[in-house]
Amino acid sequence: MTLNLSVLTPNRIVWDSEVEEIVLSTNSGQIGILPNHAPIATAVDIGILRIRLNDQWLTMALMGGFARIGNNEITVLVNDAEKGSDIDPQEAQQTLELAEANVKKAEGRRQKIEANLALRRARTRVEAINPIS
Amino acid sequence: GLRDLRDRIESVKNTQKITEAMKLVAAAKVRRAQEAVVGARPFSETLVEVLYNINEQLQTDDIDVPLTKVRPVKKVALVVVTGDRGLCGGFNNYLIKKAEARIRDLKALGIDYTIISVGKKGNSYFIRRPYIPVDKFLEGSNLPTAKDAQAIADDVFSLFVSEEVDKVELLYTKFVSLVKSEPVIHTLLPLSPKGEICDINGNCVDAANDEFFRLTTKEGKLTVERDIIRTKTTDFSPILQFEQDPVQILDALLPLYLNSQILRALQESLASELAARMSAMSSATDNATELKKNLSRVYNRQRQAKITGEILEIVAGADALV
């Protein structure tokens, strides 16, 4: 049985082909998915998606969303997704530093919500470039 | 005199060239805008399908998700989507008028409001009117992306969740066809399956022609042409398990829905703007052609009159010599 993964963002289809295995960051922790997985629906956190293809691991930064698994079809709906290899390391690092500074500066409930979200996104992008394996 | 007329014809000719070029550019961009909408389709279709499934499974449950929470409305945030450029007929004006009317309504109801302005034209309008409270100015873009929608969604989300505002409305121009588009008000938050929101006293604060938010399949189609292409979806396994609490899953899905709604509004607004510019420039070109024709006629008549006058003078002079 082959496992099919499609990663959809509002703009485009980021990934739509066969994979061997994936590791998905869900709201309740990471889950690994192999062919013939039981059908589940899960919320996807801001985090990293790891894809095994030809015994190589690829990483992708996911900006939060939803995933549905069943019939050997994985559908991931996210606000934004970037392949680790497509992210500019310098730019990502700068964004992270900026986001860290913003969190410290943030005042009031609303600013804190915004700053923390931005920080998590920035951190994920940096992690996607240097995956901790 | 004749020279003035000649200059005028020349300048009309040049203007016509410009309007013609603008029309062609707008036409090409409309196609790009349509492609963007088509690109967004797989996402929105899957999303709506999933939402629909989950909503069905949750029908009986009492869901409590922050984004669906209906509170008594004390303050409303209006997201006003305008274009970045002029020369597109009444496009920006109509939308701003709509926003003004909505502000008046809210004032009459004694409800506080704040504006989130998207697009340069709206920005400059609100900057000129400092008495209108504006929460944030955002620039529009040539081709709306999920990032642009995200920026708006983040702002709206934090405003709503921090309870600074109790309702968020989106004002944008809906694309009907290449020759027709209309400004509409669309309630973004709270996401309510029913729509109309009333406060404790029974005063409803929804605009009369509000487009209600409905969690149904037909609201999810994202086509500019408004054609109904429903891809055949494979029946999904009924023994679907929820990895988390259904509430958490909805929590993850609804922001996605919010984003795709905003993105659609941005895309429609852009398509309307381009269509408006196309027809404005088309009629400008027609007018220039007409004007050029009339001016040439006047010019030729005057020139002929001058020649006839000269010939008459010569003939009269020759006669006098005989």
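Chain B holds 5 helices and 6 strands, and these elements follow one another along the sequence in the pattern α-β-α-β-α-β-α-β-β-β-α. The model described here is a predicted one. Of the 322 residues in chain B, 45% are buried.

We can turn next to the meeting of the two chains. The size of an interface is often given as the accessible area lost when the parts come together. Between chain A and chain B, about 3000 Å² is buried, and carbon and sulfur atoms give 59% of this area. Three residues, Pro10(A), Arg68(A) and Arg110(A), supply 23% of the area that chain A buries against chain B, more than any other three residues. Counted by residue, the interface brings 32 residues of chain A into contact with 39 residues of chain B.

The polar side of this interface can be described pair by pair. Across the interface, 3 residue pairs are in polar contact, with both partners at pLDDT 80 or more. The count of salt bridges between the two chains is 1. Arg121(A) forms a salt bridge with Asp154(B), and the closest N and O atoms of this pair are 3.2 Å apart.

Several elements of chain A contribute to the side that touches chain B: β5 (40-53), β6 (56-70), β7 and α2 (108-129) each supply at least two residues. The largest share, 6 residues, comes from β6(A). Sorted by class, this side of chain A has 13 nonpolar, 12 polar and 7 charged residues.

Strand pairing also crosses from one chain to the other. β5(A) is joined by 2 bridges to strand β6 of chain B (residues 241-242), and the two strands run parallel. Within this arrangement, Ala41(A) stands opposite Phe242(B) in β6(B).

Asp80(A) is located in the loop between β7 (73-78) and β8 (81-83) of chain A. Its relative accessibility is 17%, and because buried means under 20%, Asp80(A) counts as buried. Leaving aside residues up to four places away in sequence, Asp80(A) touches Thr9(A), Ala61(A), Leu62(A) and Met63(A), together with Lys147(B) from the partner chain.

Technical notes
Residues numbered from 1 in each chain as written. Chains lettered and ligands numbered in written order. Predicted model: local features only at pLDDT ≥ 70, side-chain atom pairs only at ≥ 80, totals over all residues. Heavy atoms only, no water. Helix = DSSP H or I, 4+ residues; strand = E, 2+ residues; numbered from the N terminus. Buried < 20%, exposed > 50% of the residue type's maximum accessible area, 1.4 Å probe, protein only. Contact = heavy atoms within 4.5 Å. Buried area = accessible area lost by both parts, 1.4 Å probe. Salt bridge = Lys/Arg side-chain N within 4 Å of Asp/Glu carboxyl O. Polar contact = N/O pair within 3.5 Å; in protein donor to acceptor, adjacent residues only side chain to side chain. Nonpolar A, V, L, I, M, F, W, Y, C, P; charged D, E, K, R; others polar. Pairing = 2+ DSSP bridges.
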